[in-house]
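The notes follow in the order of the look-ups.

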Amino acid sequence: RCKNLSVSFWNSYWMLPSDVCGMNCFWEAAFRYNHMKTHPSEKMHLAVVACGERLEETVTMLRSAIIFSIKPLQFHIFAEDQLHKRFRDVLDNFPYEGKVNYTLYPITFPTESAAEWKKLFKPCASQRLFLPLILKNVDSLLYVDTDILFLRPVDDIWSFLRKFNSSQIAAMAPEHEEPRIGWYNRFARHPFYGVTGINSGVMLMNMTRIRRKYFKNDMTTVRLQWGEILMPLLKKYKLNITWGDQDLLNIMFFHNPESLYVFPCQWNYRPDHCIYGSNCKEAEEEGIFILHGNRGVYHDDKQPTFRAVYEAIKNYSFGGDLVHSLLQPLELELQKTTHTYCGRVYKVFIKQLAKSIKDLYDRRSKG
């Protein structure tokens, strides 16, 4: 049945696999499939921080991670105490099929400065800075904001860890592709990475390297470790930062640029990539890999393309036909958004999603 669905679906999109990304993607997919068979116990660690009214958004993000991923997932969910039971009630009813485990953690900051860290930018957002210190036994980790949606397997961004050179400890995408609309290069009152800064909503970390590294900084000639540098940075720059912990990360990697691996914008595609006209060329060519609905666009009518993708994944029932229950209804909704700049390029929102669905059905048909 799955094989027939796959063929029917792919024919309906008028293309062969080679039309999408050529033989390179074919061999990458084959490698992932074989790697899964030979390394069945290898887990990918994914962390998220949820406070306030972010439970539904977080659960939708986790659903998107589960749908397509190949290797087992370990979720590390940092949430306010009152949300823990609600998370358990939802997650314990997911049909994981042995694919996913999760651990819930309280929100914790260093005792002497907890109040200051908690109120930085948005409630609990700066928790991500302390993940290397809290998850001491986790070697590598993918941190994502709650407003992230995976449109291809987590395995694919996880594979960037193998591309790190010996000095790189983390990977993020640029904050902007177009400097004329960039925030950091026009308004920042502190150092930032590169030409337009980096966005920390999707952050891949080799945490073993982070814990071992001594960072150059502009506070002392002595290099400081991760746990030593955070509070001095906050004290120096707290009156000059707008985006909280993301600004601190920009400052850190400004002084240590050799430590950052930068991945393309399609791995962290945000409204800024289309609301003023399309400016993420990689997404135009291959589609969006990870959708980042910042500015609350999943929950208002300002960017209906983003909201349509969010609603489609939120309402999809696990085990349902991904073509008829997710992809086709989503395309119909996206076609209604062509009056917006993002809607004019709506096909980038489903191009990779369509391929991910085909790849999933192909894996199932192979057993």
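For the sheet I took two strands as paired if DSSP finds at least two bridges between them. I note that the model is predicted.

Sheet. I looked up the strand order and found an open sheet of seven strands, β3-β2-β1-β4-β7-β6-β8, with mixed pairing. I then checked the edges: β3 (100-105) and β8 (260-262) each have a single partner strand, so one side of each lacks a neighbour in the sheet. On average, neighbouring strands are turned by 25° against each other, direction ignored.

Pairing of β1 and β4. I recorded that these strands run parallel and are joined by two bridges. Leucine 46 lies opposite leucine 142 in β4.

Helix on the sheet. I found that α11 packs on the sheet and touches β6, β7 and β8. The direction of α11 makes about 65° with that of β7.

Nonpolar cores. I looked up the largest nonpolar core, which has 42 residues. Among those with the most contacts inside it, I listed Trp117, Leu131, Met205 and Phe253. Elements supplying at least two residues each include β1 (44-50), β4 (140-144), β7 (198-206) and α11 (245-255). The largest share, seven residues, comes from α10. I also noted a second, separate core of 40 residues, which includes Ile77, Phe94, Val154 and Phe263.

Phenylalanine 253. Which residues does phenylalanine 253 contact, leaving aside its neighbours within four places in sequence? I found Ile169, Ala170, Met172, Tyr193, Ile198, Ser259 and Leu260.

Technical notes:
Residues are numbered from 1 along each chain as its sequence is written. This is a predicted model: local features need pLDDT of at least 70, side-chain atom pairs count only at pLDDT 80 or more; totals for chains, interfaces and linings use all residues. Side-chain values use heavy atoms; hydrogens and water are left out. A nonpolar core is a set of buried Ala, Val, Leu, Ile, Met, Phe, Trp, Tyr and Cys residues joined through side-chain atoms within 4.5 Å. Buried means under 20% relative accessible area, exposed over 50%, partly exposed in between (1.4 Å probe, protein chains only). Helices (H or I, at least four residues) and strands (E, at least two) are DSSP runs, numbered from the N terminus. Contact means heavy atoms within 4.5 Å. Axes are lines fitted to C-alpha atoms, for helices over the stretch in contact, and angles run from 0 to 180 degrees between N-to-C directions.
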